[in-house]
Amino acid sequence: MRNDVIVVGAGPTGLFLASELALRGVRVTVLERLEEPDQTIKSGSINVASAEILDRRGLLPAAEEVQRGRLAASGAFTTGRMNRTVRALEDAANEKSRRFAVIGHFAGLMFRHDLVDQDDPVLAAHTAVANGIWVPQHDLELLLGAHCARLGVEIRRGVEVRGLRGTGTGLDDDADVVVETSAGDLTAGWVVAADGGRSIIRRTLGVDFAGTDPELVGYQAIADFDDPGELRRGWNWTPRGIYTYGPVPGRILVARFAPQPEDRDAPVTVGELQSAVREVSGVPVTITGLHGRATRWSDNARQAQTYRRGRVFLAGDAAHVHSPFSAQGLNLGLGDAVNLGWKLAATILGTAPAGLLDTYHSERHPIGAWVLDWTRAQVALMRGDERTAQLRKVIDDDLFTVPGATNHMITLSSGILQRYDVAEDGEHPVGSITGDAELSTGGRLADHAHDGRFVLVDRSAESRYAEAVRGLEHLVAYVADPDASQPSLFVRPDGIIAWADNVSDDNARKLLDTAIERWAGV
C-alpha cells in the first residue's frame, strides 16, 4: 500500500513529525531499525521552546508527570547536598509557581537562579511549562510513542532502511519515492529522514554535510559504582577533560580531549567507560555494571547543505550534528519537526500556498547554523588548560553576574528567542513564538492548538476579525477574547505569530488577509 509519508527514524524528531502529519489526517508510517525504544542514555531534559511544543499539542501534563518522577529520584540521591537547579525546580513544583524554568548550563557553567530577573517580560511570557522541562530523551520517546499510537500512526520496528530510488529523490518532485528496506520496497509520496547523524538517506541523496571535526570523545551512562569515592557532583573541569556526576543515582557524563576510537560503532564496555572516568576525574573508581547501554559521542559539528531534495526532507540529526551539551540537538530536532509537519500536511491535503515547503529550509537552516556555533563555543570553553580555566572564571564571576546577562543567556539556550521572517516589515511580536498567551476569558492560546490548526485570537471588542476566517474552520481555530490591553494574534500551527494588529485599524485587516493567504493558502 502506498504511504502518503514515510518517516525514517523513531527518535523524538521522527515521532513528533509523524504525529503532526497524522493529526491533520495524513497517512504516515514510521520505520525504525531498533526492535525496542532506545535505552541508551542521551539528553537529560528539554528546553522551554520544546516544552511549549508539547504544551500546544496537549502533552504538557504527561511531561509534568515525568518531571515529578525525576525530582523524586534526584531528591533521594542528593539528600543534604541537593544542587541548586534541582532544588529550584522542586520548590517551583511544590509552590505551583509561574516562574520561568531555569535549567541548563553554558559550557558546564550552571545557570544561577539567584541571578535571574523573573520580572523580565520576555521570561514572564514563557512560564506555563516550568514543571514539564526535566524530560529525558527516553521518557520523551515513550511519551511521543503513546501520542502516535492514539493518532493511529504505524510504527514498524526492526526495519532497516537501505536506500532510496525514484525521480522524487532529485529536483523533479512530481514522482513517488521508493524506500528500499530489509522488509522489501515501500512506496511513498514523500519521505522524511530522521535517521540520525549517519543518515543513510542523506548519504544516498549525496547531500553535502560540511562542518568541523571533533576534538573530544564523550561518554554518558547510568552506572553502578563499587564506591564513587571522591567523584564530585555537578560539572567538573580537569586538565584532561570534564565530567559531571548526578543529579540522579549513577548518572555519569565524561568527556576527554582525545582522538576518536577506531571503531566508533562498537558498544561501550564497562572497561572503556571506567578508564575514561578515571583518566578525567583522577578518581580510581570501579564500575561494576551499567543500566541500559552507555553512549559514546563527540563534538563533530556538521550541517546539511540543503534540508530538501525533491520529495525527501532531512530533519533532526540527519540535517545537523554537534556536541550534545544542553540537549540542543534534541530541541533543534523537535523544532524541525513542528516546522515541517504542518507544511507537509497542508501540501498533501492540497491547501498549501505556493512555496510553503521551501520555507522549511529557509527558516530552519539558519537556526541550525546558529546552534552549531553555540555548541562549538561551549566546547572551546571546556578545554582543560590554565588560560581557558581563567576565561571560564571571568565569564562565571564577572560576566554572568552583570544584571541581565544571565537572563539573556537563558533565553538563548531555552530557544524562545527564535524568530522567522514571516511578513514584510513585521513588527514584534510577528515572527516570534507565542509563549503562554493567556486569555482574558480563561485558559491559554495553547489550549486551542491541540488539533494542529492555525489559531486566530480576536481581542477586539466587536470581534472585527471573525469575518476573515469565516468558512475556514477546518484550518483555523477562532477565539474571541475581548481585551484591549493585548494585540489580536494569528498564530501558525508551529506557534509562530504570523500577524498581530499592532498597526492602525485600517491596515490591520488587510495585513491579516495577507497573512492568511501566505500561510494558510486561502
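Four strands, in the order 20-19-21-22, make up an open sheet whose pairing is mixed, where strands are DSSP runs of E with at least two residues, helices are DSSP runs of H or I with at least four, both numbered from the N terminus, and two strands pair if DSSP finds at least two bridges between them. Strand 20 (476–480) and strand 22 (497–500) stand at the edges with a single partner strand each, so one side of each is left without a neighbour in the sheet. From one strand to the next the twist averages 15°, with axes taken as lines fitted to C-alpha atoms, for helices over the stretch in contact, and angles running from 0 to 180 degrees between N-to-C directions. Strand 21 (residues 489–491) runs antiparallel to strand 22 and is joined to it by 3 bridges; Leu489 stands opposite Ala500 in strand 22.

All of this is read from a predicted model, in which local features need pLDDT of at least 70 and side-chain atom pairs count only at pLDDT 80 or more, while totals for chains, interfaces and linings use all residues. Residues are numbered from 1 along each chain as its sequence is written, and side-chain values use heavy atoms, with hydrogens and water left out.

A further open sheet is formed by 5 strands in the order 11-12-13-10-14, with antiparallel pairing. Its edge strands, strand 11 (234–238) and strand 14 (287–298), each pair on one side only. Strand 10 (residues 216–225) is connected to strand 14 by 8 bridges, and the bridge partner of Ile222 in strand 14 is His291.

Turning to the helices, 9 of the 9 residues of helix 2 (residues 48–56) are buried, so this helix is largely enclosed by the rest of the structure; buried means under 20% relative accessible area, exposed over 50%, and partly exposed in between, with a 1.4 Å probe and protein chains only. Among these buried residues are the charged-type names Glu52, Asp55 and Arg56. At the start of helix 2, a side-chain oxygen of Asn47 comes to within 3.3 Å of the backbone nitrogen of Ala49, and just after the helix Gly58 takes a positive phi of about 80°.

The second largest pocket has a volume of about 570 Å³. Of the 25 residues that line this pocket, Ala125, His428, Pro429, Ile433 and Thr434 are the closest to its centre, and helix 5 (residues 121–124) gives the most to the lining, with 3 residues. A pocket here is an open set of points on a 1 Å grid over the protein atoms alone, where a 1.4 Å probe fits, with protein on both sides within 12 Å along at least five of seven lines, and lining residues have an atom within 4 Å of a point.

Note on methods. Grid points are joined across faces, edges and corners, and a volume is the space filled by probe spheres set on the points. A polar contact is a pair of N or O atoms within 3.5 Å; within protein, one must be able to donate a hydrogen and the other to accept it, and residues adjacent in sequence count only if both atoms are side-chain atoms.
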